[in-house]
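I opened the model to look up its contacts, its nonpolar cores and its surface, and I keep the entries below in the order in which I made them.

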Amino acid sequence: MSDLTASVTKDRRGSIVVEGNEALKYNFHYTSPVFDVDHSRLADIYERWGRVLIVIDTIVHPIYHEQVEKYFAHYNIPITWKIINGGEINKTMDTMLSIVDAMDSFGIVRTEPTLVIGGGLVTDVSGYACASYRRTSNFIRVPTTLIGLIDASVSIKVGINHRKLKNRLGAYHAPLHTFLDFSFLKTLPIGQVRNGFAELVKIASVGDKAVWELLVKHGKQLVETGFGFREGGEGVRAPGQEICHKGIETMLQLESPNLHELGLDRVIAFGHTWSPTLELTPRVPLRHGHAITIDMAYSITLAHSRGLINDAQRDEWFKLVSSVGLSMDHELFTEDLLSVATEAIKKTRDGKQRFAVPDGEFGKCVFLNDVPLDELRSVLRVHKNFVKSRFGSGDGLEAYVDAGDLGAEPEAYAKGNAEKVNGANGHADVKAPASSLKRKGINGEAPKMANGHADVKAPASSLKRKGINGEAPKMAAVKAGGVPVDSTGIVTNGVTGTTPVY
């Protein structure tokens with residue numbers, strides 16, 4: 001919640017000047033299991049309302065609805081469920097408005113918080129609905145994926161996709177409370193744990209040396225046992241908890257002074273320079289964690305080439321990400337993509353590169369702004385040779401999105417005729433067939449951009465990749481950041497044939 005203090009004055013020309021400051025307060029609670037009847041903190045919030053509206057997705061609901069119902073029944077709080085389909089093709093205005101309709105039917109009072117349970121997509125869309133309903137209404141988050149717990153929970157950004165652009169509509173809207181319960185990792189597939197592990201590598205590499213050292217020591221076992229919550233993982237549960245808590249708190253310390261992202265030198269942008277374009281370039285997209293790890297791996301090679309880290313540090317970094325099955329390179333991570341993605345990201349960084357890399361040791365960060373394209377290309381060649389000589393292709397395990405990530409079968413999705421499926425966030429009850437994870441025909445050729453809105457019956461054309469025409473980096477750059485690109489691949493001001501804006 002927030003409170004605004006303001007003053008109203010007139011300047012010497014008689015213009016009215018309003019100056020204000022908004023006090024922002026929201027809370028994080030380590031509560032595990034959050035829906036254990038012995039833990040009343042969440043129920044205490046809803047006691048005054050005597051009811052709760054819960055937004056949840058179609059995978060988490062079957063796994064946890066009995067536990068949630070038992071919890072609120074114990075405190076005599078009736079539940080109204082709003083169950084939505086998950087997956088990227090459902091991150092749409094239609095889904096958001098269906099939540100608004102549920103809030104309206106429920107008759108939610110402006111200060112009454114909606115309870116949102118699920119991964120980052122569910123909390124993003126629901127948060128945007130709450131930001132929009134009566135111009136602002138409250139919500140409480142219970143993230144259920146590792147990315148949701150570690151990364152998305154720290155941000156106050158909420159939003160949806162619009163046509164071909166990811167996260168184009170949204171707001172900065174903080175929840176009243178976020179409940180952090182890592183026991184949800186017990187039902188999260190290893191592929192999704194690995195996906196979230198990449199975010200911990202990110203923050204540890206450039207923000208927290210202690211977390212880095214713990215990841216090096218326990219990384220593989222943490223991924224394989226769901227951070228100690230699966231059978232046989234009891235021995236790493238304590239270090240896993242320490243890693244997660246420290247990682248979240250480091251992220252909060254770094255980002256809380258910059259919640260609206262007005263400061264552009266962002267430590268947590270490590271791994272997020274070339275990955276937005278790379279993630280969307282294959283005909284079946286990469287999982288976010290794998291895309292950012294390829295970006296980080298290249299950044300580590302860049303830092304090494306400039307003498308910012310030594311051989312032993314470079315080797316330690318690659319050994320960790322290899323041991324947990326994260327990707328280090330990709331055949332479509334080419335000099336062409338590197339060029340397009342670099343120009344695209346500069347538009348979101350006020351014309352500067354702001355490449356975040358480790359500085360002398362893990363846990364420290366420096367920003368590079370003086371790397372010419374020739375050097376980037378040369379380092380990419382060095383990177384690919386290094387990865388190939390040590391690790392082969394550099395491909396990770398389960399690196400591509402599945403039906404739970406997309407909300408559609410990946411192969412059908414890639415061909416442009418996907419039908420929506422009930423699925424989101426990839427918890428253990430739903431598994432995509434192995435064939436849906438295979439890549440077919442990835443030849444560096446580009447998916448075309450599509451137009452139109454998503455609806456509840458057809459796949460979201462905002463994310464289709466239908467054609468194969470060799471334009472992948474350019475198209476992916478537009479989709480990832482909404483950056484206009486002309487026919488040469490140069491980022492422009494959006495008018496065909498105009499001079500690039502720097």
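I began with the contacts (heavy atoms within 4.5 Å) and noted that, among those between residues at least 6 apart in sequence, 74% join residues at least 24 apart. The model is predicted, so local features need pLDDT of at least 70 and side-chain atom pairs count only at pLDDT 80 or more, while totals for chains, interfaces and linings use all residues. Residues are numbered from 1 along each chain as its sequence is written, and side-chain values use heavy atoms, with hydrogens and water left out.

I then looked up burial (under 20% relative accessible area is buried, over 50% exposed, partly exposed in between, with a 1.4 Å probe and protein chains only) and found that 55% of the 502 residues count as buried.

Next I turned to the nonpolar cores, which are sets of buried Ala, Val, Leu, Ile, Met, Phe, Trp, Tyr and Cys residues joined through side-chain atoms within 4.5 Å. The largest has 78 residues, of which Phe 182, Phe 227 and Trp 317 touch the most other members. Helix α10 (residues 288-305) gives the most to this core, with 9 residues; helices here are DSSP runs of H or I with at least four residues, strands are runs of E with at least two, and both are numbered from the N terminus. I also recorded a second, separate core of 23 residues, which includes Val 52, Ile 56, Ile 77 and Val 142.

For Trp 317, leaving aside neighbours within four places in sequence, I listed contacts that include Trp 212, Met 296, Ile 300 and Phe 362.

Last, I checked Ile 16, which is found in strand β2 (residues 16-24) and counts as exposed because its relative accessibility is 60%.
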